[in-house]
Amino acid sequence: MLKPLLFVSAVVVFGITASSAIAPRPQDAAQAPAAKKDAGKAGDKAQARAKEIYAVDCAICHGENGNGKTDLAKDMGLTLSDFTDAKTFAAKSDQDLFKLIRDGKDKMPAEGIGRAKDDELKNLVIYLRSLSKQTADDAAKPSN
Ligand code: HEC
């Protein structure tokens, strides 16, 4: 009865020793690339948040894809520019867009600080500029 128990504990002790010998020390786990990856992840997260804000606060007028062809725009008699066209924002700086979105213009409602903080609004501008690229990417994809 004792023998199998001894064998088991020997295996356990050996297993622990062996695995700690093989396991890489945490600081060996290549810190520089990991930090880079985290920065990328933070960017992805900020863009995911921008997409969320756009979907909730902007898409109702400007459309999920940004082309501005929405029922609400039609009902309100709005002619909205096409965000899926790279030319739309070509002549505008990020600051121009930031200010326009923050302050609103005519029938375009202001996006207050309570709805998007400054850094969120900056990311929203990046997201808006990416809409023309996303559409181009979609168009390049095979349709099946
Ligand atoms: C109630 C409908 C409505 C909503 C909601 C809305 N917009 Fe607008 N948006 C407009 C209208 C109308 C204009 C045109 C304003 C003008 O130039 O007179 C406009 C213009 C713009 C422009 C300028 C386009 C250009 O050609 O330069 C940008 C950028 C923009 N909106 C972004 C946004 C963003 C981002 C949101 C969400 C935070 C948003 N809009 C929410 C109606 C809306």
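This is a predicted model: local features need pLDDT of at least 70, side-chain atom pairs count only at pLDDT 80 or more; totals for chains, interfaces and linings use all residues.
Helices here are DSSP runs of H or I at least four residues long, numbered from the N terminus.

Rolling a probe the size of a water molecule over the atoms shows where empty space is left. In this model, the largest pocket holds about 730 Å³ of space. It is lined by 27 residues, and those closest to its centre are His62, Leu80, Phe83, Leu100 and Met108. Hold on to His62 and Met108.

The largest share is from α2, with six residues. What about the classes of residue? The lining has 16 nonpolar residues, seven charged ones and four polar ones.

Now the iron. Which protein atoms are donors to the iron atom of the ligand? They are NE2 of His62 and SD of Met108, and they lie 2.0 Å from the iron. The site has six donor atoms, with angles of 88 to 179 degrees among them, and it is octahedral. Six donors count as octahedral if opposite ones are over 155 degrees apart and all others are between 65 and 115.

Now look at where the two residues sit. His62 is in helix α2, and Met108 is in the loop between α4 and α5, so the pair ties together parts that are 46 residues apart in sequence. Is His62 buried or exposed? His62 is buried, because its relative accessible area is 12% and the cut-off for buried is under 20%. Met108 is partly exposed, at 26%.

Let's stay in that loop. Met108 lies there, and its C-alpha atom is 9.5 Å from the C-alpha of Cys58, although the two residues are 50 apart along the chain. Pro109 is in the loop between α4 and α5 as well. Its C-alpha is 9.4 Å from that of Cys58, across 51 residues of sequence. Pro109 counts as exposed, at 55% relative accessibility.

Asp106 is another residue of the loop between α4 and α5. Now for its backbone. Most residues other than glycine have a negative phi. What is the phi of Asp106? Its phi is near 50 degrees, a positive value in a residue other than glycine. Asp106 is exposed, with 78% relative accessibility.

On to charges. Side chains of opposite charge can pair when their charged atoms come close. How many salt bridges does the model have? The count comes to eight. I'll show you three of them.

Start with Asp57 and Arg115. Their side chains meet in a salt bridge, at 2.5 Å from N to O. This pair links distant parts of the chain: Asp57 is in helix α2, Arg115 is in the loop between α4 and α5, and 58 residues separate them. Both ends are partly exposed: Asp57 has 22% relative accessibility, and Arg115 has 46%.

Next, Asp103 and Lys99. The closest N and O atoms of this salt bridge are 2.8 Å apart. How far apart are the two along helix α4? They are four residues apart, so about one helical turn separates them. Asp103 is partly exposed, at 43%. Lys99 is exposed, at 54%, because the cut-off for exposed is over 50%.

Last, Glu120 and Lys117. They form a salt bridge with the closest N and O atoms 3.9 Å apart. Glu120 counts as buried, at 15% relative accessibility, whereas Lys117 is partly exposed, at 49%. The pair also belongs to a network of salt bridges that links Arg49, Glu52, Lys117 and Glu120.

Terms used: Residues are numbered from 1 along each chain as its sequence is written. Side-chain values use heavy atoms; hydrogens and water are left out. On a 1 Å grid over the protein atoms alone, a cavity is a set of points where a 1.4 Å probe fits but cannot get out, and a pocket is an open set with protein on both sides within 12 Å along at least five of seven lines; lining residues have an atom within 4 Å of a point. Grid points are joined across faces, edges and corners, and a volume is the space filled by probe spheres set on the points. Ala, Val, Leu, Ile, Met, Phe, Trp, Tyr, Cys and Pro count as nonpolar, Asp, Glu, Lys and Arg as charged, and the others, Gly among them, as polar. A salt bridge is a side-chain nitrogen of Lys or Arg within 4 Å of a carboxyl oxygen of Asp or Glu. Buried means under 20% relative accessible area, exposed over 50%, partly exposed in between (1.4 Å probe, protein chains only). Donors are N, O and S atoms within 2.8 Å of the metal (3.2 Å for Na, K and Ca); water is not among the atoms, so sites may look incomplete. Four donors count as tetrahedral if all angles lie between 85 and 135 degrees; four count as square planar and six as octahedral if opposite donors are over 155 degrees apart and all others between 65 and 115; anything else is irregular.
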